[in-house]
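Subject: Structure for you to look at

Dear colleague,

Here is the structure I promised to pass on to you. Please open it beside this message and follow along as you read.

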There are 2 protein chains.
Amino acid sequence: MGRPDHFFGWAAVTCIIGTMRLVTISDIEAAAEAISPVVLRTPLLPWGDGQLWLKPENLQPIGAFKIRGAFNALSRLPEGTNVVAYSSGNHAQAVAYAAKLAGVKATIVVPDNTPQLKIDATRSHGADVVLVPIGQREARAEELVEELGAALIPPFDHPDVIAGQGTIGLEIVADLPDVSTVIVPVSGGGLISGIATAVKSLRPGVRVIGVEPELAGDAAESFRAGELVRWSPQDRARTIADGLRAEPSELTFAHIRKYVDDIVTVSDEEIGAAVAQIARRTRIVAEPSGATVVAAYPKVANGKTVGVVSGGNIEPALLARLLSS
Amino acid sequence: MGRPDHFFGWAAVTCIIGTMRLVTISDIEAAAEAISPVVLRTPLLPWGDGQLWLKPENLQPIGAFKIRGAFNALSRLPEGTNVVAYSSGNHAQAVAYAAKLAGVKATIVVPDNTPQLKIDATRSHGADVVLVPIGQREARAEELVEELGAALIPPFDHPDVIAGQGTIGLEIVADLPDVSTVIVPVSGGGLISGIATAVKSLRPGVRVIGVEPELAGDAAESFRAGELVRWSPQDRARTIADGLRAEPSELTFAHIRKYVDDIVTVSDEEIGAAVAQIARRTRIVAEPSGATVVAAYPKVANGKTVGVVSGGNIEPALLARLLSS
């Protein structure tokens with residue numbers, strides 16, 4: 001069985017701050033090839049005003065774009081390498097699903113307060129689930145990597161994960177060649193890093209705009225400051241957009257500084273209203289994190305625009321409430 | 001401007017009962033070519049059990065498959081021919097939208113008790129809306145055809161409309177070559193006529209199964225009887241699946257008898273539960289008519305199955321209620 005060293009050797013050499021190697025368009029094109037058998041080629045859905053299209057990544061098998069980065073990272077491991085991830089959200093599902101497709105074992109470390117529904121969903125893909133107190137997630141995952149001779153697949157802080165998410169940018173440019181603006185939700189920054197790299201490499205004139213909840217607006221503040229500004233996890237946890245509570249890493253922030261034009265923020269009220277609007281106008285279920293792009297659209301509209309709806313995993317009761325208000 | 005005679009000349013010659021010309025695979029292949037610039041090439045969404053995929057026609061611009069047949073019929077008219085339709089539902093939107101794309105005028109005759117929301121939606125595509133008492137819809141539409149020198153685009157009872165809907169069958173066979181069973185909602189029968197023609201022509205061994213609400217099960221009864229059995233409009237109006245309240249015509253029933261393997265029925269409770277299941281598992285918004293295919297799936301499962309989710313135009317309040325129950 002392959003050792004995780006194979007996986008991290010390259011990153012350890014290149015991820016030195018200041019001389020960090022950024023993901024390239026060739027990495028993303030290679031990722032597109034690697035993931036094409038398992039990832040849905042999502043269409044662009046017209047919003048109906050002739051100016052906005054949604055890229056519905058909620059339609060992916062696990063309900064979020066995360067399958068792209070997870071499968072790409074896994075596909076670059078020596079054949080048969082088992083994998084470990086720590087996450088209670090869409091990334092956990094993505095790694096479990098990707099491992100099942102690749103015929104390897106996934107072990108997912110989740111906080112012991114994770115809802116049973118999410119644990120069951122992860123197990124349904126054949127993954128082992130290890131419950132730990134929330135503060136021990138990362139340490140336990142690293143132990144498991146050693147114990148199992150497995151490789152860790154991080155949720156965003158890795159070039160192969162970023163390259164996988166970047167395939168969305170290739171598809172946008174292919175499907176709407178005269179796109180002017182692309183709006184992308186920002187959490188850890190892996191999604192926007194990949195998409196911005198792809199879009200700016202192919203079409204330097206296209207604007208790439210990030211969107212964050214006001215209540216977790218650390219990346220927007222960092223963008224203005226020109227350096228990473230840290231918010232407490234408690235502050236970032238206030239927003240309804242539960243997929244946008246992480247913070248950028250040095251690697252993703254380097255991509256953002258190089259390629260992203262602006263990061264705007266939207267209120268939780270605007271996000272909730274956008275979930276309902278999206279259900280009515282494009283007949284898809286967006287989670288609050290994915291709906292941020294529609295909330296941001298009136299603030300950044302300028303020519304033909306694509307908003308990346310990052311996922312659709314929302315509690316039915318919350319969706320029902322947002323539809324009724 | 002072209003006269004409606006051009007449009008109906010062929011139908012008038014061939015739609016004689018007993019010698020009726022059925023739609024062929026060549027008609028459907030020509031339709032695929034004609035509609036490709038304006039219709040979304042919908043992907044297949046995995047249900048997650050490895051056996052069922054949904055064909056999400058709710059993602060079409062007007063939220064339903066109807067755009068396929070409407071645009072195909074319109075594209076076969078002499079250039080510049082204006083169009084008339086009578087419908088208060090998805091077909092009205094489809095004709096209005098198709099006419100806007102083709103740069104011709106659409107006049108839509110709707111009952112005077114149609115909700116303002118639907119009237120506004122039809123007008124938003126630039127169509128003229130004519131309100132009449134419900135019993136006068138068809139007569140007024142025929143008057144308008146004469147007055148305006150326009151062509152009538154019927155919701156299902158026309159070969160060009162059936163051929164347009166049949167393009168869904170081509171896409172299913174292309175995307176899932178080893179499909180065993182295709183499940184299709186039945187109302188007027190245009191959708192299943194087209195799909196069954198395409199699927200059986202290309203893959204005679206694939207089963208094509210229709211699904212109807214129990215409360216509007218006239219086509220299922222007709223199928224068993226081997227001849228059209230009529231239910232009253234009042235009876236057919238009882239089901240929650242408001243898109244499945246029409247009845248087959250001689251033309252569509254001829255296709256059904258030739259190509260369809262069975263028509264099953266589902267209860268309104270099963271349909272409502274399926275709407276909620278679809279939102280959770282595939283993150284799309286299905287209207288009750290479209291959700292019938294998931295309600296029918298356990299009754300007809302046999303090998304790899306595709307269910308055609310015909311549309312997604314559901315009142316947000318009804319969706320909220322179904323998600324909460």
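B:Ile195 lies in helix 8 of chain B, which covers residues 190–202; helices here are DSSP runs of H or I with at least four residues, strands are runs of E with at least two, and both are numbered from the N terminus. This is a predicted model, in which local features need pLDDT of at least 70 and side-chain atom pairs count only at pLDDT 80 or more, while totals for chains, interfaces and linings use all residues. Residues are numbered from 1 along each chain as its sequence is written, and chains are lettered from A and ligands numbered from 1 in the order in which they are written.

B:Ile195 counts as buried because it has 33 C-beta neighbours inside 10 Å; a residue is called buried if 20 or more other C-beta atoms lie within 10 Å of its own, exposed if 12 or fewer, and partly exposed in between, with C-beta atoms placed from the backbone. B:Val260 is 65 residues from B:Ile195 in sequence, and their C-alpha atoms are 9.6 Å apart in space.

The largest nonpolar core has 213 residues, and A:Val95, A:Ile195, B:Val95 and B:Ile195 touch the most other members; such a core is a set of buried Ala, Val, Leu, Ile, Met, Phe, Trp, Tyr and Cys residues joined through C-beta atoms within 7 Å. Beyond its neighbours within four places in sequence, B:Val95 is in contact with residues including B:Ala70, B:Val83 and B:Ile153.

Helix 2 of chain B (residues 25–35) has buried residues, among them B:Asp27, B:Ile28 and B:Ala31. Seen down the helix axis, the buried residues fall within an arc of 165 degrees, so they line one face of helix 2 of chain B; the arc is that of the directions from the helix axis to the C-beta atoms. The face turned away from this buried side carries the exposed residues B:Ser26 and B:Glu33, and what covers the buried residues includes helix 3, helix 7 and helix 8 of chain B.

Now to the two chains together. In the contact between them, 22 residues of chain B meet 22 residues of chain A, and helix 14 of chain B gives the largest share of chain B's side, with 6 residues. That side divides into 15 nonpolar, 4 polar and 3 charged residues, where Ala, Val, Leu, Ile, Met, Phe, Trp, Tyr, Cys and Pro count as nonpolar, Asp, Glu, Lys and Arg as charged, and the others, Gly among them, as polar.

One last detail concerns the backbone. Most residues other than glycine have a negative phi. A:Arg283, however, has a positive phi, near 55 degrees, and is found in the loop between helix 12 and helix 13 of chain A.

Best wishes

Definitions and conventions:
Contact = placed C-beta atoms within 7 Å.
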